[in-house]
Number of protein chains: 2
Amino acid sequence: MKLSEAKQQFISSWGAFGTHWGINRTMAQIHALLLVSVDPITQDDIMEQLTISRGNVNMNIRDLIGWGLVERVIITGERKEYFTAEKDIWKVATKIIKERKKRELDPMIKLLTQLENVEGDKKDKDIKQFTEVIGGIKKLGGQADKMLDIMVKAEENWFTANILKMWK
Amino acid sequence: MKLSEAKQQFISSWGAFGTHWGINRTMAQIHALLLVSVDPITQDDIMEQLTISRGNVNMNIRDLIGWGLVERVIITGERKEYFTAEKDIWKVATKIIKERKKRELDPMIKLLTQLENVEGDKKDKDIKQFTEVIGGIKKLGGQADKMLDIMVKAEENWFTANILKMWK
DNA sequence: CTGAATTTTCAAAATAAATTGAAAGTAAAA
DNA sequence: TTTTACTTTCAATTTATTTTGAAAATTCAG
């Protein structure tokens, strides 16, 4: 397979993959394009390569910057803005995990904590099962939290890799 | 907060939470309703509680059964079908993880493996970066795989919990 | 078998999400 | 300051997803 073909394939698949995880197709594709672009590129480059509108590119790029996955690059002498993506996949994963945890997991756990304090007799069958389910989810969330923390804190890949190998 | 209110709140939030993860709101809500229902319930119960159509309930219930999160229950003497959800959250998570891994992660890793075999000089800057990015994602996928395997294989919650505590 | 109860299907309708493109906004250059 | 190159915004449109509901299929009791 040729490089250009492989890049195309990657961009398209990464986009499809993203949709399964609540990320919009175009944002994932722009991210993929930036990942496989050696040098920083402009909004016009993205428009052309993915055949999408200027507004679309602009909005999604801003989102990607918000996620900390892409940054603006100033090229001296050039008027246009250039963009580049973090290429270290470990860092990429770390950022996504941190951000999703903050945006989704933390608020959910906060809510569950409130829901646990339901009125009534704790011995009641209905109440008991409810608090058990809620408590279970909270506990699971806590576990996930710990795992993610480990991943995030483990600066060195080998560290986690080796821990994991022990129990494989 | 009253139990009924808390249940309502949980169902609605669980639905919203689901949408961030590529799960449709109604399916997540049906799942939530089943999680907080002590006894098995019918399609009509679900229709009524969530005020959604029969067809909608039927399709989403089938999907949930496909994920192994819900099962049909035959109540002797009753003509209608009843449904119930797995209440052990650890098992629920395990099933979701296994299934998503099979449906999404495995195919992606397979594709990346193909893309690594790109034609041309491995010393070329463009090719080098491409294979590095692809290789990085594959490696990350492999790590995730291992982690998920550990979670899935760890029948006893405390086992993983304790491993994790060591590095917290 | 017959027919009532129940489940399933799926085309059409409703809703939600993504995309466009042109106008408004900004900032550097002249 | 004015012009010009570029970026941002957002109402309108397009596209994708979800939901409905009635018809078809299935199941089971009599």
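**View 1. Salt bridges in the model, with A:Asp39 and B:Lys125 in close-up.** Over all chains the rule finds 21 salt bridges, each being a side-chain nitrogen of Lys or Arg within 4 Å of a carboxyl oxygen of Asp or Glu. One of them pairs A:Asp39 with B:Lys125, whose closest N and O atoms are 3.9 Å apart. Because A:Asp39 sits in the loop between helix 2 (25-35) and helix 3 (43-50) of chain A while B:Lys125 belongs to helix 6 of chain B, this pair joins two chains. Helices here are DSSP runs (H or I, at least four residues), numbered from the N terminus. A note before you zoom in: this is a predicted model, in which local features need pLDDT of at least 70 and side-chain atom pairs count only at pLDDT 80 or more, while totals for chains, interfaces and linings use all residues. Residues are numbered from 1 along each chain as its sequence is written, chains are lettered from A in the order in which they are written, and side-chain values use heavy atoms, with hydrogens and water left out.

**View 2. The interface of chain A and chain B.** Here 57 residues of chain A are in contact (heavy atoms within 4.5 Å) with 57 residues of chain B. The buried area is about 5800 Å², with 76% of it from carbon and sulfur atoms; this is the accessible area (1.4 Å probe) lost when the two parts are put together, summed over both. Four salt bridges cross this interface. In the close-up, the side chains of A:Lys7 and B:Asp126 form a salt bridge at 3.8 Å, N to O. On the side of chain A that touches chain B, the elements giving two or more residues are helix 1 (3-19), helix 5 (89-116), helix 6 (125-153) and helix 7 (157-167). Helix 6 of chain A gives the most, with 17 residues.

**View 3. An aromatic pair between A:Phe10 and B:Phe130.** Seven aromatic pairs turn up over all chains, counting rings of Phe, Tyr and Trp (its six-membered ring) with centres within 6.5 Å. A:Phe10 and B:Phe130 lie 6.4 Å centre to centre with 90 degrees between the planes, an edge-to-face pair; planes under 30 degrees apart count as stacked, over 60 as edge-to-face and the rest as tilted. The pair runs between chains, from helix 1 of chain A to helix 6 (residues 125-153) of chain B.
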